[in-house]
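Student: Could you walk me through this structure while I have it open? I would like to start with the strands and then move on to the helices.

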Amino acid sequence: MTLHITGMIWARPTSDLEPPSGAAFQPDHIEAITRAHEEGGFDRVLAGYWTNAADGFLVLAHAAAVAKKINFLIAHRPGFVSPTLAARKLATLENLTGGRLALHVISGGDDPDQRKDGDYADHAARYRRTDEFLEIIRGIWTADRPISHEGEFYRFQDAWSDVRPIQRPHLPIFFGGASDAALRVAGRHADVYALFGEPLADTAAVLDRVRAAVPAGREVAFSWSNRPIIAATEKQAWEKAQDIRQRAIRKQDLAGGAGLIAASGAVNSQRLVGLSQRGEVLDERLWTAMAGVLGGRGNSTALVGTAEQVARAMLRYRAHGVSHYILRGWDPLPDAVQYGRELIPLLRELADAEDRGRVSVAVRTAAE
């Protein structure tokens, strides 16, 4: 099973450990962090969606101009752009990248954050809207004649797009969300279902729920997210983890908080906070403490250890069907360089050896 490794880029230096630095849009930083991922052997980079940040379409357009091999993943929240226009925008950007773009759909789970962009729909309505949105854009991308639509959220007549995706039948669609409503949408539309870094047993249970929601004849791949913390020795890696926690708490203190961020209303975020309450370390090296510090926001669990220990831990998820990994560093640019130098080559080497039947990731190293 082929591995797909995705990293993450931003329009300026930023992290959960330090305040943002400099102007909100820095082309030089986009170039540097994209090239670091490309040179580090990542397959794809994700431009996320934040209500205060630079537009991901333009971030990726600039990234594509400087990196000619790596693929791209754009996060998009339905509800703010008409699906007919979104289909054309996405197809245009996909053509600009030479067919290197995929779409990561985020319905939105945190009511206060949604309202910053004027969305007052409740959780259930957001997922019904996402379902309708994806039905429309897939229709626009593949139609052989103008189409009309009248639904709960969208209504239009004779929509057509001259620009079509290079990829057939359309851009790959990544999708996440742990609620029952989210899984219904994933079953209908997702090419890749993305979930945060939960323990093996929890991950397997979610994947079984997704598979149960997928109609016969469709196949869905699975992506697992994490923020690895690696060092030359396991002891040094855990010391690095504790330093990361203290830096995150100091950042919140400086911002006028109490060292902790209130839990998000998103089901996935609540699941991550729940993990931190179950134990600081699960499955031997899945560190959950930062999920508690960050209120479960984003990808906030970490595998901690040497590069080999982390690589073996990641590959154990393959037995449950995971083939995509989203890796995001705590210090994004230097961590991307470290992952590319130490983790990704080993990860691919071990995966290849496992596929050829030479090793089993269940075999632990002496350090473990």
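This is a predicted model: local features need pLDDT of at least 70, side-chain atom pairs count only at pLDDT 80 or more; totals for chains, interfaces and linings use all residues.

Student: How many bridges join strand 1 to strand 2, and do they run parallel or antiparallel?

Tutor: Strand 1, residues 4–9, is joined to strand 2 by 4 bridges, and the two strands run parallel.

Student: Which way do the residues of strand 2 point, and are they buried or exposed?

Tutor: In strand 2, which covers residues 44–47, Arg44 and Leu46 point one way while Val45 and Ala47 point the other way, and all of them are buried.

Student: Okay, helices now. At what angle do helix 3 and helix 5 cross?

Tutor: The axes of helix 3 (residues 83–96) and helix 5 (residues 123–142) cross at roughly 55 degrees and come within 9 Å, which makes helix 3 oblique to helix 5. The crossing of these two helices is right-handed.

Student: Which residues meet there?

Tutor: From helix 3, Pro83, Thr84, Ala86, Ala87, Leu90 and Ala91 meet Phe133, Ile136, Ile137, Ile140 and Trp141 of helix 5. Sorted by class, this contact of helix 3 with helix 5 has 10 nonpolar residues, 1 polar residue and no charged ones.

Student: And what about helix 5 with helix 6, what is the angle there?

Tutor: Helix 5 packs with helix 6 (residues 180–189) at an angle of about 10 degrees, their axes being 9 Å apart. Because angles under 35 degrees count as roughly parallel, helix 5 and helix 6 are roughly parallel to each other.

Student: Which residues make that contact?

Tutor: His123, Tyr127, Thr130, Asp131, Leu134, Glu135 and Arg138 in helix 5 meet Ala181, Ala182, Val185, Arg188 and His189 in helix 6. The residues of this contact of helix 5 with helix 6 divide into 5 nonpolar, 3 polar and 4 charged.

Student: Changing topic, where is the cis peptide bond?

Tutor: The cis peptide bond joins Arg168 and Pro169, with omega about 5 degrees, and Pro169 sits in the loop between strand 6 and strand 7. As background, most peptide bonds are trans, and most residues other than glycine have a negative phi.

Student: What is the phi of Asp158, and is this residue buried or exposed?

Tutor: Asp158, in strand 6, has a positive phi near 55 degrees although it is not a glycine, and Asp158 counts as exposed at 57% relative accessibility.

Student: And where is Asp283?

Tutor: Asp283 lies in the loop between strand 11 and strand 12. Its phi is also positive, about 50 degrees, and Asp283 is partly exposed, with a relative accessible area of 36%.

Methods. Residues are numbered from 1 along each chain as its sequence is written. Side-chain values use heavy atoms; hydrogens and water are left out. Axes are lines fitted to C-alpha atoms, for helices over the stretch in contact, and angles run from 0 to 180 degrees between N-to-C directions. Angles under 35 degrees count as roughly parallel, over 145 as roughly antiparallel, 65 to 115 as roughly perpendicular and the rest as oblique. A crossing is left-handed if the near helix is turned anticlockwise from the far one by less than a right angle, and right-handed if clockwise. Contact means heavy atoms within 4.5 Å. Ala, Val, Leu, Ile, Met, Phe, Trp, Tyr, Cys and Pro count as nonpolar, Asp, Glu, Lys and Arg as charged, and the others, Gly among them, as polar. Buried means under 20% relative accessible area, exposed over 50%, partly exposed in between (1.4 Å probe, protein chains only). Two strands pair if DSSP finds at least two bridges between them.
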